[in-house]
Amino acid sequence: MKNTQVILVPLTPDDREQFILDNQWAFKHGAMIEFGERDDHLGLDGEIISRETIERCIDDSKSETYRIVVDGKNVGGVILKIDKETRHNELEILFTLPDEHSKGIGYGAWQAVEALHPETVAWETCTPYFEKRNIHFYVNKCGFQIDQFWCEYFDPGYEMPGEDNHDPDEGPDEMFRFVKVMK
């Protein structure tokens with residue numbers, strides 16, 4: 001399904017718990033496809049992305065959290081961090097439920113995000129090195145450029161954005177950072 005019509009609906013308090021569970025399942029699903037149940041990629045709680053990380057993103061004062069809805073059904077979610085002063089914004093989390101992959105939903109959601117914030121100068125996001133699907137999506141579909149690759153060889157004097165809030169026991173520490181400069 002190309003040109004899938006998606007709607008971004010603000011997250012409600014009643015849907016918060018399911019949003020968190022759906023988010024964790026979507027990220028865990030990708031890791032399990034790549035690695036199986038190997039402990040070195042799952043956090044202490046068996047998740048790629050912890051509840052605490054998701055809640056921190058949702059609760060940030062600059063965050064906007066939306067459900068991705070298609071035909072009245074929740075099929076994913078997105079969390080944005082919007083800086084109204086610099087207009088350099090972050091796509092903190094974007095996920096679609098695994099059963100909804102390859103239907104154009106992620107791209108439709110990204111188009112809706114861009115339409116929601118036309119004032120944006122640049123978008124930034126990141127994804128784990130093993131998420132080939134995501135890398136393809138951000139670079140080839142959405143027009144992001146790979147800006148950095150964080151790994152053991154990365155300059156130790158450089159602090160990753162959000163590093164002060166990063167849980168070292170969560171997920172892989174090898175991540176691609178993407179930037180999309182808007183015209």
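This is a predicted model: local features need pLDDT of at least 70, side-chain atom pairs count only at pLDDT 80 or more; totals for chains, interfaces and linings use all residues.
User: I'm looking at α4. Which exposed residues sit on the face turned away from its buried side?

Analyst: K132 and N140 are the exposed ones on that face. Buried means under 20% relative accessible area, exposed over 50%, and partly exposed in between (1.4 Å probe, protein chains only). Helices (H or I, at least four residues) and strands (E, at least two) are DSSP runs, numbered from the N terminus. Residues are numbered from 1 along each chain as its sequence is written, and side-chain values use heavy atoms, leaving out hydrogens and water.

User: And which residues of α4 are buried?

Analyst: I135, F137 and Y138. They share one side of α4 because they cover an arc of only 160° around the axis; the arc is that of the directions from the helix axis to the C-beta atoms. After α4 comes G143, with a positive phi near 85°.

User: How do I read a core? Which residues touch the most other members of the largest one?

Analyst: A nonpolar core is a set of buried Ala, Val, Leu, Ile, Met, Phe, Trp, Tyr and Cys residues joined through side-chain atoms within 4.5 Å. The largest here has 23 residues, and I68, V78, L80, L94 and W110 touch the most other members. Elements giving two or more residues include β2 (63-70), β3 (73-81) and α4 (132-141). The top contributor is α3, with four. There's also a second, separate core of 15 residues, with I48, C57, I79 and I93 among them.

User: What about E64: which residues does its side chain make polar contacts with?

Analyst: A polar contact is a pair of N or O atoms within 3.5 Å; within protein, one must be able to donate a hydrogen and the other to accept it, and residues adjacent in sequence count only if both atoms are side-chain atoms. E64, in strand β2, pairs with the side chain of Y66 (2.8 Å) and with that of H117 (2.8 Å).
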